[in-house]
Amino acid sequence: MSTAIEKDILIVEPFNGGSHGQLINLIQSDSEIRPRCIVVSLPAKKWHWRARTSALLFSQTIPVCSCYRVIFTSSVLNLAELIALRPDLAQLKKIVYFHENQLVYPVRKVKDRDFQYGYNSAFNMESFLTSISSHLKLIPDHRPKNLEAIIHPKCRVLNFPVNIHQVYCDIVDCSIDFTNT
């Protein structure tokens, strides 16, 4: 008699194409992880709109399930907004993958920079963390303090191919032995 595998990993991707789509495909290619995943995504189109509005749509389309333990998403999703709209997701362990660092992305004018984004490499992580204070100086008043020190201990670099087994076990009390995979 086979035991049903509980779908405890919720993957949410607002921009499922390019490196974002490749990462989702890589995760789904793992025969032990794939059956545990629910993937909710949108096509890779107009990333600015996906960033600003996908949490609204996902709050209505993510299936309600008490079985989720982890939510995995990219930095395109406004995760705080999604959690505010779907409080049932608040208790989940959260993994946010930064495919790039928007703080050092080339823009014509500094005012055009998008502050909502923040790594798939040590360079992206470090350049993000070291750029935070200079970018916050553009805020006219009421600036948050010490963000680099607060954020840095929570950061990790996950290069392709991502070892999703290790990431999962790092954040969830994992009793699965993935050493032979």
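How many salt bridges does the structure hold? There are two salt bridges (a side-chain nitrogen of Lys or Arg within 4 Å of a carboxyl oxygen of Asp or Glu). Before looking at them, a word on the model.

This is a predicted model, where local features need pLDDT of at least 70 and side-chain atom pairs count only at pLDDT 80 or more, while totals for chains, interfaces and linings use all residues. Residues are numbered from 1 along each chain as its sequence is written, and side-chain values use heavy atoms, with hydrogens and water left out.

**Overall layout**

The chain has six helices and four strands, taken as DSSP runs (H or I of at least four residues for helices, E of at least two for strands) and numbered from the N terminus. Reading from the N terminus, the order is β-α-β-α-β-α-β-α-α-α. Of its 181 residues, 41% count as buried; buried here means under 20% relative accessible area, exposed means over 50%, and partly exposed is in between (1.4 Å probe, protein chains only). The accessible surface of the chain is about 10700 Å², and 55% of that belongs to carbon and sulfur atoms. Those areas come from the Shrake-Rupley method with a 1.4 Å probe, and for residues only the protein chains shown count as cover.

**The salt bridges**

Side chains of opposite charge can pair when their charged atoms come close. Here are the two cases:

| Pair | N to O distance |
|---|---|
| Arg 36 and Asp 8 | 2.7 Å |
| Arg 86 and Asp 88 | 2.8 Å |

**Strand E3**

Now for strand E3 (residues 70-74): five of its five residues are buried, so the strand is largely enclosed by the rest of the structure. Val 70, Phe 72 and Ser 74 are buried on one side, and Ile 71 and Thr 73 are buried on the other, which leaves both faces covered. What does E3 pair with? E1 runs parallel to E3, joined by four bridges, and strand E4 (residues 93-97) also runs parallel to E3, joined by five bridges. Pairing needs at least two DSSP bridges between the strands. To pick out individual positions, Ile 9 is opposite Val 70 in E3, and Ser 74 is opposite Tyr 97 in E4.

Helix H4 (residues 122-136) has 15 residues and reaches 22 Å from its first C-alpha to its last, close to the expected 21 Å (1.5 Å times one less than the number of residues). There's also a kink in H4 of about 35°, centred on Thr 130; the bend at a residue is the angle between axes fitted to the seven residues ending there and the seven starting there.

The buried residues of H4 include Met 125, Phe 128, Leu 129, Ile 132 and Leu 136. The buried residues of H4 pack against helix H5 (147-151), with contact meaning heavy atoms within 4.5 Å.

Lys 145 lies in the loop between H4 and H5, and counts as exposed because its relative accessibility is 64%. Lys 145 and Ser 133 are twelve residues apart in sequence and 8.4 Å apart in space, C-alpha to C-alpha.
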